[in-house]
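Follow along if you like!

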Amino acid sequence: MNFDAQTAVVTGGTRGIGRAISLLLLERGARVIATYQGNEQAASLLQQAAGTAAERLELERFDVTDYAAVESFWNGLEQRCPQGVQMLVHCAGIRRDAIMAMMPLENWRSVIDTNLGGSFNVCKQAALHMLRRRYGRIVLISSPARDHGFEGQANYSASKAGQVGLMRSLAREVARRGITVNCVSPGFIETELLADLGQKQREAYVASLPLGRFGRPEEVAWAVACLLAREASYITGTTLDVAGGL
């Protein structure tokens, strides 16, 4: 998987799984534009971790729920990237867990707006950019919650199920222009997203996994890179689970 002379946009690309994807793409030769909502420390740490590849790393700060900001970002890329952006990995997402009967309306709206609304905002602009160039690779980071509906995650599960539906429709719409659209669905991955799990809950989740452990961000990044490769030209409209057999 050589990404020399290719440009990738990685939303949520400075932390967790997004950070691992940004670093792997840089390692394989890509120019990476990693976006983030507001954590300046994480952005700075990514720049440091990139080492000599940092010259091919750009950082952009905006909120994926802000349609105008997303549109402005992609319009700016038309001038900055005359050869186009070949790859989009949409990682930006949040959790606001609560039992549905007790879930504040704000928790529902914020998760749907970020995870599903953000997917629409980013993928729409990416598709417009790639359609003109008749090539592209789009990967959305989903979750097994789309099918399993974990307790306390009605909002998150709904957003991730909607994300897969969006992916399938978009894949059909852009396929004849050489653009593939897929989801990668990580299971329990050792990131800060799982930092609030209690010990008993963590042990229960590990016990449910045939591989008997949580995954690493780098393992998800490898799967994403496979779908971004030029050689993955006949894989579209599908979801790849990276979930340890869950």
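First, a term I need: I call a residue buried when under 20% of its relative accessible area is left, exposed when over 50% is, and partly exposed in between (1.4 Å probe, protein chains only). Helices (H or I, at least four residues) and strands (E, at least two) are DSSP runs, numbered from the N terminus.

I noted that this is a predicted model, where local features need pLDDT of at least 70, side-chain atom pairs count only at pLDDT 80 or more, and totals for chains, interfaces and linings use all residues. Residues are numbered from 1 along each chain as its sequence is written, and side-chain values use heavy atoms, without hydrogens and water.

Entry one: helix H2. I looked up which residues of H2 (residues 40-49) are buried, and found Ala42, Ala43 and Leu46. They sit on the same side of H2 because they cover an arc of only 100° around the axis (taken from the directions from the helix axis to the C-beta atoms). An α-helix has 3.6 residues a turn, so residues three or four places apart point the same way. On the face turned away from the buried side I found the exposed Gln41 and Gln48.

Entry two: neighbours. In contact terms (heavy atoms within 4.5 Å), the buried residues of H2 pack against helix H1 (16-27), strand E2 (31-36) and strand E3 (57-61). Just after H2, I saw that Gly51 takes a positive phi of about 60°.

Strands pair if DSSP finds at least two bridges between them. I traced an open sheet of seven strands, ordered E3-E2-E1-E4-E5-E6-E7, with parallel pairing. Its edge strands, E3 and E7 (239-242), each pair on one side only.
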